[in-house]
Amino acid sequence: MELTRMSASELASNLTTGEVSSREVVDAHLDRIAAMDGVVAEGDVWSARSADDLGGDDVHAYLAVTATAARQQADEVDARRAAGEELGPLAGVPLALKDVLTMRGAPTTCGSRMLEGWDPPYDATVTAALREAGVVVLGKTNMDEFAMGSSTENSAFGDTRNPWDLDRVPGGSSGGSAAAVAGGLAPLAIGTDTGGSIRQPAALCGVVGAKPTYGTVSRYGLVAFASSLDQAGPFARDVADAAALQALIQGHDPRDSTSVPQEAPDLHTTLRDGVQGMRIGVVRELQGEGYEPGVEAVFAQALDRLASMGAEIVEVSLQHAPYGLPAYYLIAPSEASSNLARFDGVRYGLRVDAPTAEEMNAATRAAGFGPEVKRRIMIGTHALSSGYFDAYYLQASKVRTLIARDFADAYEQVDALVSPTSPTVAFGLGDKADDPLAMYLNDVATVPASLAGTPAMSVPAGLAPAPDDPARQLPVGLQVMAPLSRDDVMYRVAWAFEQQTGFVPAPTGPRALAGMSQEVA
Amino acid sequence: MSESLLPDGWELVVGLEVHVELQTNTKMWCGCSTEFGDEPNTNVCPVCTGQPGALPVANEQAIEDATLLGLALNGGVAEVCRFHRKNYFYPDLAKNYQISQYDVPLIHDGHLDVEVATSSGRGGQAGPDGALETRRVRIERLHMEEDTGKSLHVGDTGRLHGADRSLIDYNRCGIPLLEVVSRPDIHDPETAQAYLRELQGIVRATGVSDARMEEGSIRCDANVSVRRHGEELGTRTEIKNLNSVRSLGRAVRFEARRQVEVLEDGGTIRLETRHWDESKGVTETLRVKESVTDYRYFPDPDLVEVVSPPAKVEAIRARVPELPAAARTRLREQGVPAEQAAAVVGTGALPTFDAAVAAGADPVAAGNWLAGDVAGQLTAAELDLDDSGFTGDHLAELLGLIDDGTLSTKLAKQVLAGVIQARGAKGPAEVADEQGLKQVSDEGELRAIVDQVVADNEGTVEDIRGGNDKAIGALVGQVMKATKGQADPRKTNELLREAIDR
């Protein structure tokens with residue numbers, strides 16, 4: 001039994017039958033992490049090696065591994081199961097948590113030097129829900145600093161590598177979570193998505209990743225980047241696992257005012273109903289220029305598959321979608337400029353001493369934030385300042401309203417929408433690091449649904465050659481989008497598609513990843 | 001007096017910004033206690049200390065309280081409004097933004113009518129002594145926000161500048177705050193003071209706050225400018241650190257004169273924030289507003305809209321209690337003199353007054369006692385009426401004992417002191433009994449004492465018989481001495497006359 005290659009549901013059924021214990025599953029994952037993630041496997045909480053000490057074949061998905069706590073929790077679940085207790089569907093299954101969600105017992109860094117030394121005094125609502133369900137958190141995953149980026153290269157603690165090709169990025173900002181699931185370092189992970197930060201890395205790493213309807217999963221304990229857009233969601237190796245994980249973490253939270261008060265969608269009942277008779281829209285504006293030919297080819301094939309399953313494919317227009325990217329890159333930095341103001345050296349995290357409070361604030365922020373975070377704080381501060389507010393923030397908000405309306409109109413005609421998740425396959429480490437605009441273009445297909453608040457996910461659709469290395473086949477994701485609070489429809493389409501694709505989430509990376517590649521043959 | 005406040009031709013223009021801390025059980029965005037005076041940083045949590053990832057949830061009670069006060073101030077309630085973020089860096093502001101309101105406040109366009117002696121005012125014409133004139137001050141808006149923490153600067157002056165280090169107490173951070181912004185309708189210090197006092201009274205009447213300036217649960221900033229009659233509004237200064245109604249009056253007076261002096265000397269007034277120094281009696285520059293601070297307001301994405309449907313507003317309107325102005329009128333109609341009526345209402349003694357009257361007390365006497373001796377003794381004992389244990393029933397009982405001749409006024413004051421000393425655990429009758437404070441009006445007992453005094457003072461008696469009526473005072477004194485002051489003076493006189501004329 002290769003425990004680190006099984007899906008969560010396979011693990012769960014083996015746990016239920018007693019074939020294997022949660023402790024064995026957790027230990028298998030910890031062993032694999034110790035072998036190939038570049039951690040110092042010592043003490044209760046293993047820390048990642050510093051960026052300079054990481055090896056070229058270390059995935060570096062984790063920033064911290066809560067080894068002792070994970071083993072303890074696994075033992076507890078095993079004991080409860082042995083005692084005949086009724087346990088949740090994913091009890092005893094391990095998971096990787098993005099380091100932007102708070103969890104007691106380990107630092108939360110958000111990929112930033114700014115939070116150095118901060119031990120969160122409380123669990124995020126998502127974290128608490130996972131504990132409650134008996135899901136075992138293995139550790140905290142790497143990310144672009146404060147979730148700002150599309151490659152995880154903006155982490156202050158070194159790059160995470162894509163398990164499909166260790167010289168390439170995993171996408172971002174939830175790159176650590178995506179790489180953990182792709183690389184056999186966790187069967188499940190939690191990420192957060194503001195403009196595509198779950199979907200794009202899922203696409204680039206060949207795994208399933210979903211952004212639920214805004215407000216479906218509580219944001220309490222999710223360190224805010226852009227509050228009106230941030231949403232936590234699942235990563236998994238298949239659609240059913242992702243749906244099962246979302247079902248665990250979704251639901252109204254009185255601690256989050258923006259949490260949807262209605263009952264969360266039932267993701268289970270219609271999951272396997274197929275797409276026969278469904279109308280699925282292809283978004284005219286989310287293809288063409290800027291999309292790699294390989295990506296377009298896989299997307300065309302995906303449409304054929306959906307049609308072959310009985311879905312009616314129609315072209316629809318989201319007229320204002322082309323303005324989504326500029327609107328997003330005003331709204332998100334505006335909110336970020338305010339959200340990140342609290343990192344001032346006064347109460348927690350980094351403090352660089354200086355003679356006055358004001359100088360201490362400035363010195364701390366200069367030292368604590370990386371260049372991309374500073375860039376966005378400056379953009380956002382400018383967009384909100386008087387004299388510019390109307391032209392930038394307000395105008396962007398209007399565009400946002402128009403995009404939401406476009407989606408609502410489109411869903412009058414179709415049940416779901418599809419597009420490529422990302423215009424490209426995984427690109428090389430460092431390739432776009434110095435070109436922010438090129439980096440921002442990664443989000444072109446994912447930001448419209450973010451602005452509309454609607455659910456959207458990425459499901460593996462096939463492989464395409466890397467433009468810079470045609471021999472290298474890399475994963476391509478299909479983005480499935482659905483109306484507000486119809487996450488059930490989104491999962492149903494994605495599940496049906498997955499059955500037809502025959503995609504095996506098996507990265508073909510070198511040495512340490514060899515174990516994952518056997519199944520491809 | 002204000003007719004001499006400014007030289008001829010000058011007019012004072014004042015607008016007040018009053019912050020009211022709402023006394024909800026919990027803070028505006030979290031479940032922490034709002035208790036005043038607890039150990040520093042004990043009423044705190046991830047939300048009010050701005051921990052990463054924590055989120056605010058609006059306190060419904062605070063919104064209702066704010067609506068109640070807004071309605072009491074004759075304001076309109078926004079059917080839909082929302083919270084904005086006011087962005088600025090300051091160490092006692094945990095998130096480095098204050099959640100406030102911006103373009104649409106919860107309450108708009110109210111007003112407050114204040115009573116001012118007619119002798120004060122811009123015209124300067126003195127009216128009949130003591131006559132009251134009603135002046136309307138329009139209220140632009142009431143908006144909701146959150147309080148900041150408190151900084152304590154250690155070393156040097158006790159102010160931030162030059163301090164060795166600063167400590168911050170976040171207990172106050174996130175306490176619901178309501179900012180009441182008046183229009184610049186105030187033209188003399190007396191009206192400013194009357195407005196603040198009246199607002200304090202309304203806040204207390206609605207029960208949304210105890211409005212104690214000394215504890216900071218109500219705070220006032222004054223925007224002051226001067227202009228020559230008929231001219232455009234002058235540049236204003238904002239005066240902070242006004243710790244009492246009295247300092248408001250003093251500061252406005254000082255600042256108005258200062259501005260006129262500067263202008264008459266050919267200078268200009270800078271747009272600035274000035275600090276009132278209570279001991280020096282002057283305002284001093286705190287910070288110059290070189291440009292308008294850019295707070296980069298934008299809608300707080302963590303919070304949803306506040307919706308106040310008409311039905312909800314009307315239900316809250318039905319809870320608006322009798323306000324101080326109406327209460328004063330009612331007391332005057334019951335015969336209480338205006339000044340005493342104002343004192344009873346202003347000191348929060350109205351419930352006690354009403355209870356006493358309900359228990360059978362004469363309104364005039366009740367008003368007189370509450371405004372006079374009760375207030376005086378409480379002040380001397382440094383007690384609030386509410387904490388003193390002295391109730392309306394006690395007052396009615398006390399007045400009853402005076403009426404039936406059991407107590408003289410003098411004795412009644414001693415009994416009152418006893419009741420207050422016992423914090424109300426003993427009523428007036430019980431105190432009088434215990435301390436033997438009872439008028440000797442029993443004829444037999446008193447007659448015996450009178451006869452003895454007459455017998456012992458033959459000379460004086462002869463004097464009186466000889467026509468020196470005044471000398472009877474000495475005999476009354478003797479009787480009082482013999483009864484330890486408890487003889488009924490009227491009765492004593494009567495019996496002495498009888499004995500002398502016999």
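Hi everyone, let's start in chain B, where helix α1 and helix α2 cross in the right-handed sense, that is, with the near helix turned clockwise from the far one by less than a right angle. Helices here are DSSP runs of H or I with at least four residues, strands are E runs of at least two, and both are numbered from the N terminus.

A word on the model: it is predicted, so local features need pLDDT of at least 70 and side-chain atom pairs count only at pLDDT 80 or more, while totals for chains, interfaces and linings use all residues. Residues are numbered from 1 along each chain as its sequence is written, with chains lettered from A and ligands numbered from 1 in the order in which they are written.

Back to the helix pair. α1(B) covers residues 60-72 and α2(B) residues 189-206, and their axes come within 10 Å and cross at roughly 130°. That makes α1(B) oblique to α2(B). Axes are lines fitted to C-alpha atoms over the stretch in contact, with angles from 0 to 180 degrees between N-to-C directions; oblique is what remains after under 35 (roughly parallel), over 145 (roughly antiparallel) and 65 to 115 (roughly perpendicular). Which residues make the contact? On α1(B) they are Leu68(B), Leu69(B) and Ala72(B), and on α2(B) Ile202(B), Val203(B) and Thr206(B), where contact means C-beta atoms, placed from the backbone, within 7 Å. By class, that gives five nonpolar, one polar and no charged residues. Nonpolar means Ala, Val, Leu, Ile, Met, Phe, Trp, Tyr, Cys and Pro, charged means Asp, Glu, Lys and Arg, and the others, Gly among them, are polar.

Another helix pair in chain B is α13 (residues 443-456) with α16 (residues 489-501), whose axes come within 10 Å and cross at roughly 50°. That makes α13(B) oblique to α16(B), and the crossing is right-handed. Among the residues that meet here are Leu446(B) and Val450(B) of α13(B), with Leu495(B) and Ile500(B) of α16(B). The contact of α13(B) with α16(B) holds seven nonpolar, one polar and three charged residues.

Now the strands of chain B. Nine of them form an open sheet with mixed pairing, in the order β2-β6-β7-β10-β1-β11-β12-β13-β14; pairing requires at least two DSSP bridges.

Buried means 20 or more other C-beta atoms, placed from the backbone, within 10 Å of the residue's own, exposed 12 or fewer, and partly exposed in between. β4(B) runs antiparallel to β5(B), joined by four bridges, and Lys86(B) stands opposite Gln98(B).

Which loop holds Glu382(B)? It is the one between α8 (363-380) and α9 (385-388) of chain B. Glu382(B) has a positive phi of about 55° although it is not a glycine, and it is exposed, with 7 other C-beta atoms within 10 Å. In chain A, His60(A) also has a positive phi, about 60°, but His60(A) is buried, with 28 other C-beta atoms within 10 Å.

Finally, the interface: 25 residues of chain B contact 32 of chain A, and the chain B side divides into 13 nonpolar, seven polar and five charged. Thanks, everyone!

How values were computed:
Two residues are in contact if their C-beta atoms, placed from the backbone, lie within 7 Å.
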